[in-house]
Amino acid sequence: MRVTGKGLINRDKQISFSFDGKSYNGFEGDTIASALLANDVRLMARSFKYHRPRGPLTAGSEEPNALMTLHSGARQTPNVRATAQEIFSGLEVRSQNNWPNLERDVMSVNDMFSNFLSAGFYYKTFMWPRAFWEKLYEPIIRRAAGLGALSGLHDEDMNEKAYAFCDVLVIGSGPAGLMAALTAARSGADVILAEDDSRFGGRLLSEVEDVDGKPGHLWVDDVIAELSAMDNVRLMKRTSIVGAYDQGTYGAVERVSGHLRGAHADAPLEVFWRISAKQSVLAAGALERPVAFPMNDRPGIMTASAVRSYLNRWGVAPGKRVAVFGNNDDAHRTARDLAAAGVEVAALIDSRPDSGPSGDFPILTGAEVIDTKGRLGLKQITVRTNAGMQTISADCLAMSGGWNPSVHLTCHMNGRPVWDDKLLSFVPKDGAIPGMTVAGAAQGVMSTAGALQSGLEAAKTALAAVDAKVADVTAPQAEDAAYNIAPLWQVSGKGRAWLDFQNDVTTKDVKQAAAENYQSVEHMKRYTTQGMATDQGKNSNVGALAVLADATGRGIPETGTTTFRPPFTPVAMATLGAGARGAGFAPQRFITSHDMTVKAGAPMIEAGLWYRPSYYPEKGELTWRESTDREVNMVRNHVGITDVSTLGKIDVQGPDAGAFLDFVYTNMFSTLKVGRVRYGLMLREDGFVMDDGTTARLGENHYVMTTTTAGAGEVMKHLEFVHQCLVPDMDVQFISVTEQWAQFAVAGPKSRVLLNRILDSEIDNDSWPFMACGDVSMGGVQGRLFRISFSGEHAYEVAIPSRYGEALYAALLEEAKALDGGSYGMEALNVLRIEKGFITHSEIHGRINAFDIGMERMISAKKDCIGKTSAARPGQVAQDRDRLVGLKPVTPSQKLMAGAHFYNVGAEATRENDQGYITSVCYSPTMKSYLALGFVKNGPNRMGEKIRMVDALRGVETLCEICHPVFMDQEGEKTRG
Amino acid sequence: MVNLVAKSPCAALLPLSAGNVTLTEQHPDALTSVAPFAEKEVEVSASLTVTHGVAYPAVNHAVGKDGARAIWFGQGQAMVMGGKVSDDLVQLAAVTDQSDAWAVMRLQGASSADVLARLVPVDLRSSVFAEGDTVRTELQHMMASITCVGTDCFDIMVMRSFAKTAVHDLHAAMKSVAALSI
Amino acid sequence: MRLTCPLCGERDRREFYYKGDAIALNRPAPDAGTDAWDDYLYLRDNPAGVTKDLWQHELGCSAWIVVERNTVTHEVLSTALASDVKKATK
């Protein structure tokens, strides 16, 4: 029911929305909960376990009950807290966790069996028979569990990530936060003020009290106006600080467009901020806790502070006859506010015997609510007083069990809050988060005047830490009443008394946990699921701890504290994963010939971040194998070209360049002649192979190293490590030139013929012998030519500055076609290199040393190098290590499988009998057989031996012959020709 | 003689604009990595002053203007934009032509720092990052060099092969920032 | 987590690559013997307290950095260029 003359909503702007298909009106500034309450809708949800009818318990983001589903179709968003979601015109809201509807929910039958479904029910019940778990119990439980549901459709909303920086981050904008922000801002500090709510002001929006001689919310408006005008202040409302991390890093979720209708399509739904703050002031306030009295969960029963929020901020009376129950003076304030607004106060029930009258309404002191009635909403309460029982009719009950300071963020780095006997709650431990000062109610300062002063002081502390001069600021006049509270943790009586409303954990469950020896708070929590709902125990932890303390005969501080972990409020996975969806998951790197390659119909495969052509299908070819076989034959008989720009290229320059390369490679490079290329093997310090590739000497102090595509980043890091950490006195510099050059392999018997049609001056075998390199000119552009081969053919790699990459590729392709050649892809490249026994990272996979690949003689005896000492350990050169061999099927058409293992003929295919494994496989059109490279125990000494290949996964078994890893042209005549 | 046509890294990708921010490709005459050998920085600086009118830049700084600029590019390394460096410089420094290795983009407009705040984990607001400041950092998921070359004006360099993704990421952030101010 | 690169200043952890204990700087001589090499390659303390790590400012200036930090409090006590640290030990 809307109350005339109350609230900070905009009554000029009516907003229509729907709840469960029915249309309602609210005003601008309303949440779903306030608008529904204004329409006398109290039933908003069903609880998780017993499907109990529920209304809102709170008026903020800590809400455990009123969770709803927004929108339908792809944008369907479950578990939205109705107490925090603002309404907008056309908003579609649905209740959840019920069937067929909210009023008649079939699953509420669970409530009748609550005696069976209490704590530990699942653990005890679904144990036997064992086989039932997977087939029967789990599917049923999974179907029954969960609150709202996702649509299952692709999420069309966009989220974003962003970074922000400041001197002082102020978390919360109640009196303490505003005062802290104002002080820091006036002192010239770079300030971010973050507020979880849609409006700045905190409790000042919900209480009837003056600050600086004017209504609190007007003082808020003035402060916000001043802050907005300052360049050094960033105001972030609808922004929840969800986590505190090392070195002043804070995670924050900003709700950008979820409260707007038809927001701009490019606007994100939410932004996940990483805020780096030199200092922070935590002014997150406090949360009022419910009282655990019997049947305290009916719609219409809510915290007293929520009742005041609905009344004072939203102009809504949550009931026509409201009763108030509490153990502290805020209960009186609630009754006074209601009476002043003309709402009937049925009774004020104060558990304290010595409390006096405080307004024009009935008061019962030393009294407790012990029962309630009303299936879908509160109708009546039963009160126990010294004089006996009394029933009172009421459709709303405001309960106040005292305040819990919002210590949550102070726990995120393992800080444990400490118990305060006067406040009857936990307060933050000093210094729990380095650089964070806690102020106001979050620190246990409960009066408005105290909070303002505390915010000011906290700002001073923060400013001192960033060496900022503090401006002359004084806290304004405000309410300064004492906070009087007496313990009231649970009320004895017949019915169940809820602690955790969403997960349906009652005082009985906690006592049962204690009785079954789950006496540690961490055990109790997991046994009962208390604190594991979406509010993460914000409403129930302290109460549950008190009940556990009572049940185990300990004091609260001895029983334990709760550990709050990030996030402070639930964060959507889509928000955490913002920017990393689809193509945004990883950057894409494109070769200069990419567009032409895609146009030619070549499927692209990922190689690291790069995209490389798999094969180039021609008309009539139905499978990749047909294309690949053709491309291999083309290279072997004519000429083929392929883009090899993705291989890492590192410029190594300096007076000590040669010496440095000698140190990182196993073989010598200082002795390499200028204009020549040498194959190099690079080890890790533990003796295993890191990478391989060719290095060319372009000048006396100038080399260019090539790495594998996958190894480029790792090798660069390694070179920098070796230089900076091991030999910093060597005068050498590395610069990646991978991107400077577009490089193409030209391979096949006609490769030189083709090149001579492109190069400005012709080459021959004398001017450009095998392993020669140097500058060449093409179309007047200076490039580089390397006579190297990864196919075993007469081959070159030609490089040109990348801007000409596409043009050169086009020219090479045209000439290749004229010579019966063309492009070849990674599949053909792989076949060509396997036929020739060249290794890749399939072979040098991290557990392979130089000896294993037959390259131990490449470790020069004349010098030290990285990995040399380790490579010489006895175990590293044992004959029976898995060593590189070639393998071919005894019947050529029989398949070989990558990853398959070897067993001796006649031996069982078991782990103990393992003789090795296959690393690379191809069908060789040249040899008309499947071929493989692999590692076999003592392989080089077992040439000609037959061995069983078993692929247990795919069910393939092939008898193979162990052979030399070079299947063709072992003398290298083709390469040198 | 074969006719080779040049293509810039962002050809067909730029220019783009959204809201008050524009993204354009820059075409410096040449990009040259200059990494001075041991104790040669002063001589390198002198050489650059002759050829480009700029000194070797201090850490996190860029010197010069469009046409001739030296940007600190990492430990012991500068990127010289503009004409060719002296042939003799190879005696003093590792000199590497990088003219084709990097895509150079310019992000300009009142909200350009807000756009970068969505992609770059470094504070680039004008109060802390002004003309002549440069950083090596990350742009979304890729290595980048970002230099403030004027008020609300940044030169962003990413490796050439990343150009398409960089433009996509920048454009998405530009559009989002533009949408927020509507 | 944020680390201060001696060159670039304070940066988010995402720009850095972690290698491991800064013992990596103390490469034994080739003939130092099996135990010394075993220590260097494989044996690591796992202190609850101050430790020295080697990080690289991979997405920044590429400098390798010795970071002294406390594994219990997560406090970063100091950072220094690895090349300076190495040169100083000679």
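## Two helices packed in chain A

Start with helix H5 (residues 175-186) and helix H9 (residues 448-465) of chain A, which pack at an angle of about 35 degrees with their axes 7 Å apart. Helices here are DSSP runs of H or I with at least four residues, strands are runs of E with at least two, and both are numbered from the N terminus. Axes are lines fitted to C-alpha atoms, for helices over the stretch in contact, and angles run from 0 to 180 degrees between N-to-C directions.

Who touches whom? Among the contact residues are A:Gly177 and A:Leu178 of H5(A), along with A:Ala451 and A:Gly455 of H9(A). Residues count as in contact if their C-beta atoms, placed from the backbone, lie within 7 Å. By class, this contact has 13 nonpolar, 5 polar and 1 charged residues.

## About the model

This is a predicted model: local features need pLDDT of at least 70, side-chain atom pairs count only at pLDDT 80 or more, and totals for chains, interfaces and linings use all residues. Residues are numbered from 1 along each chain as its sequence is written, while chains are lettered from A and ligands numbered from 1 in the order in which they are written.

## A sheet in chain B

Over in chain B, 5 strands make an open antiparallel sheet, in the order S4-S5-S6-S3-S7. Strands pair if DSSP finds at least two bridges between them. At the edges sit S4 (62-65) and S7 (93-97), each pairing on one side only.

Strands S5 (residues 68-74) and S6 (residues 77-82) of chain B share 6 bridges, and B:Ala70 stands opposite B:Val80 in S6(B).

Note on methods
Contact = placed C-beta atoms within 7 Å. Nonpolar A, V, L, I, M, F, W, Y, C, P; charged D, E, K, R; others polar.
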